[in-house]
Amino acid sequence: MTDATRSDSRRGGGSEIDPADVDLRVALGDKLALRNPIVTGSGTFASGQEVDRFFDVRRLGAVVVKSVTVEPRRGLPTPRMAETAAGMLNAIGLQNPGIDAWLAHDLPWLNSHRVPTIVSIAGNTTAEYRHLAERLRDAPGVVAIEANISCPNVDDRDIVFACREEATHEAITQVARVSSVPVFAKLTPDVTDISLIAGAAHEAGATGVSVINTLLGMAIDTETRRPKLAAITGGLSGPAIKPIAVRAVHQIHEAHPQLPIIGMGGVRSVEDVVELVLAGASAVAVGTATFTNPLAALEILEGLPSWLAEHGYATLRQLRGAWRR
Ligand SMILES: Cc1cc2nc3c(=O)[nH]c(=O)nc-3n(C[C@H](O)[C@H](O)[C@H](O)COP(=O)(O)O)c2cc1C
């Protein structure tokens, strides 16, 4: 807070910092350093190939890929997306080629583009999480695993892993035990106290947490009286959920100040990134914004140094958790 406060005194008097000198590097624990804090939200960037037509994905801090499961999944029936007032609902159903095909086809593409890759994994049992982490052991170019534990636990009446401390602990223990890279637990905000779940993940060996996943929502077409999603309910994302993301990051950072947090939820602008960092995030993912503007992550990344320089900050790191009471 001291650094941020000191820098603030320069605001208005003209900053002497050149945007070219702003240092965007961030550390997420001892073993993961990113060249900049902007990453992609799992499921909104596939494995990078589609967006590479629009910009060089190497510019990003890392690509977080769509969640991969043990077996291929075809996903849920359509319609799988519905627009809402300030965001969207989706029920894709974790469509993905399965870990074997992903390792054979998607990872080599990411490696050939030399982009640090964070692999999101998803399972229905703790054994599946463990199997996926084993398959990813020593995979080239994989800098971290993001365990998407916002999935139903078939061994516990389909209650989402990240809704229970014990299930979170069990799943993350299995992943961390065999993983050769840092593990991040991706948490759902649909809980009473997200900082308790983050604590359980950390205790089980997670280096950090990624927050927030989508919130469960529903929309009904008033003409047809049918739900707008074939799966009836789905995950709400986009600007509507940003205040919830800021709150969740804040609560986790207050309870676990040393725990690295990848923050996400409705990020569309440089200011949104700064807001999540002020709440306690170290890195920030751009998700739904990419659907309306494939250049969103790049534009935010490019705007960040100027914003920081104009406000008198030489790094983004110094703003972490630096909100004022
Ligand atoms: C279409 C879509 C698919 C998603 N798929 C995944 C996924 O496979 N794994 C995951 O952990 N999160 C997934 N998410 C959640 C996002 O990674 C992110 O946590 C959430 O959307 C909030 O960020 P945003 O508002 O910037 O999109 C998905 C989100 C959307 C919109």
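A residue counts as near a molecule or strand if its C-beta atom, placed from the backbone, lies within 6 Å of it. The views below show a predicted model, in which local features need pLDDT of at least 70 and side-chain atom pairs count only at pLDDT 80 or more, while totals for chains, interfaces and linings use all residues. Residues are numbered from 1 along each chain as its sequence is written.

**View 1. Shell of residues around the ligand.** There are 24 residues around the ligand, and G41, G43, S237, G287 and T288 come nearest. The shell divides into 6 nonpolar, 16 polar and 2 charged residues. Here Ala, Val, Leu, Ile, Met, Phe, Trp, Tyr, Cys and Pro count as nonpolar, Asp, Glu, Lys and Arg as charged, and the others, Gly among them, as polar.

**View 2. Open sheet of 8 strands with parallel pairing.** The strand order is β3-β16-β15-β12-β11-β8-β7-β4. At the edges are β3 (38-40) and β4 (63-64), each pairing on one side only. Helix α4 (residues 165-178) packs on the sheet, where it touches β8 (142-148) and β11 (183-186), and its direction makes about 155° with that of β11. Strands (E, at least two residues) and helices (H or I, at least four) are DSSP runs numbered from the N terminus, and two strands pair if DSSP finds at least two bridges between them. Axes are lines fitted to C-alpha atoms, for helices over the stretch in contact, and angles run from 0 to 180 degrees between N-to-C directions. Contact between two residues requires C-beta atoms, placed from the backbone, within 7 Å.

**View 3. Strand β15 and its two partners, β12 and β16.** From β15 (residues 261-264), I261 and G263 point one way and I262 and M264 the other, and all are buried. A buried residue has 20 or more other C-beta atoms within 10 Å of its own, an exposed one 12 or fewer, and a partly exposed one a count in between, with C-beta atoms placed from the backbone. In a regular strand the side chains alternate between the two faces of the sheet. β12 runs parallel to β15 over 3 bridges, and V211 has G263 as its bridge partner. Parallel pairing over 3 bridges also joins β15 to β16 (residues 283-286), where A283 stands opposite I262.

**View 4. Hairpin of β5 and β6.** Strands β5 (residues 81-84) and β6 (residues 87-90) pair in the antiparallel sense over 4 bridges. The hairpin has 2 residues between its strands. E83 has M88 in β6 as its bridge partner.

**View 5. Helix α5, mostly covered.** Of the 10 residues of α5 (residues 194-203), 7 are buried: I194, I197, A198, G199, A200, A201 and H202. These buried residues pack against α4, β11, β12 (208-211) and α6 (242-255). Just after α5, G205 takes a positive phi of about 115°.

**View 6. D56 in the loop between β3 and β4.** D56 counts as exposed because it has 11 C-beta neighbours inside 10 Å. Its C-alpha atom is separated by 8.9 Å from that of L298, 242 residues apart along the chain.

**View 7. Residues 1-13, with pLDDT below 50.** The protein averages a pLDDT of 94, and 96% of the residues score at least 70; pLDDT is the predictor's confidence in each residue, from 0 to 100. Beyond near neighbours in sequence, residues 1-13 have 12 contacts in the model.
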